[in-house]
Amino acid sequence: MYATQEATGIAMPDAVFANIGKLLLATQIYDMQRLAHEVSGGLIVTLPGPDEDHNPATAGRLSEVLTARSDVPYEKRIAVARFIEDLTASYQSGWYSVISLHGGGSPAAMKKEIFRRYPIADRVELVENLLDRGMLADARRRISINRQPGRCCAEGCKPDN
Ligand SMILES: Cc1cc2nc3c(=O)[nH]c(=O)nc-3n(C[C@H](O)[C@H](O)[C@H](O)COP(=O)(O)OP(=O)(O)OC[C@H]3O[C@@H](n4cnc5c(N)ncnc54)[C@H](O)[C@@H]3O)c2cc1C
């Protein structure tokens, strides 16, 4: 279950998963662009403009030299290339990168929220119970008592030292 329904009927996404999703977008956007550029080749920025490929005098020749796979029509190939250019190599694409990274909060904000809400103590207990069949588990430790670090009070937990 990745969301709960509020009394008002509004669906509230799970805070940990929602923030992980946003963090992935914020941190992976540049890798997504790199991968798109790797498979696209330089075509996306070196294509002749629409005025050239729509020109009856040159369109035929362009489609001949710029066709790759015979079963993919030239028009389709350049439409995809221009789409990737718009998304990743245009003035607008720089804006997409920045809004992906900072829009809705910077990665640091996502990490803080994930850390605040992730049930760390539960996971620690799970691992400790799996390791050596619970021999390491210690109910007296602070993390065992405070089930959700950072959410025990309005101030949150302070470091031990
Ligand atoms: C295209 C775009 C559209 C936007 N639209 C909206 C909108 O519709 N409504 C709205 O309210 N806001 C909007 N924003 C603002 C957005 O929420 C902020 O840009 C974002 O929260 C980052 O804040 P900042 O730009 O002041 O950067 P800064 O706070 O200066 O962050 C820059 C870097 O500083 C570091 N940093 C800052 N504070 C901390 C901290 N406490 N702990 C650790 N590291 C820290 C981080 O590494 C961070 O990446 C938009 C932003 C963009 C780019």
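What follows is a walk through this predicted model, from the overall chain to the ligand site. Local features are taken at pLDDT of at least 70 and side-chain atom pairs at pLDDT 80 or more, while totals for chains, interfaces and linings use all residues. Numbering starts from 1 along each chain as its sequence is written.

Let's start with the whole chain. The protein chain has nine helices and two strands, where helices (H or I, at least four residues) and strands (E, at least two) are DSSP runs numbered from the N terminus. Along the sequence the pattern reads β-β-α-α-α-α-α-α-α-α-α. The radius of gyration, taken over C-alpha atoms, is 26 Å, well over the 15 Å that the globule rule (2.2 Å times the number of residues to the power 0.38) gives for 161 residues, so the chain is more spread out than a compact globule. Its C-alpha trace spans about 80 × 40 × 35 Å along the principal axes.

Burial is next. Of the 161 residues, 6% count as buried, meaning that 20 or more other C-beta atoms, placed from the backbone, lie within 10 Å of the residue's own; 12 or fewer makes a residue exposed, and anything in between partly exposed. K111, in helix α7, is partly exposed because it has 15 other C-beta atoms within 10 Å. K111 and Q28 are 83 residues apart in sequence and 15 Å apart in space, C-alpha to C-alpha.

Now to a helix pair. The axes of α5 (residues 74–88) and α6 come within 5 Å and cross at roughly 50 degrees; these axes are lines fitted to C-alpha atoms over the stretch in contact, with angles from 0 to 180 degrees between N-to-C directions. The two helices are therefore oblique to each other, a label for angles that are not under 35 (roughly parallel), over 145 (roughly antiparallel) or 65 to 115 (roughly perpendicular). D86, L87 and T88 of α5 meet Q92, S93 and Y96 of α6, with contact meaning C-beta atoms, placed from the backbone, within 7 Å.

Finally, the ligand. Around the ligand sit V98, I99, H102, G103, G104, G105, S106, P107 and A108, each with its C-beta atom, placed from the backbone, within 6 Å of it. Helices α6 (91–102) and α7 (107–117) each supply at least two residues of this shell, and α6 gives the most, with three. By type, the shell holds four nonpolar residues, five polar and no charged; Ala, Val, Leu, Ile, Met, Phe, Trp, Tyr, Cys and Pro count as nonpolar, Asp, Glu, Lys and Arg as charged, and the others, Gly among them, as polar.

Methods: Contact = placed C-beta atoms within 7 Å.
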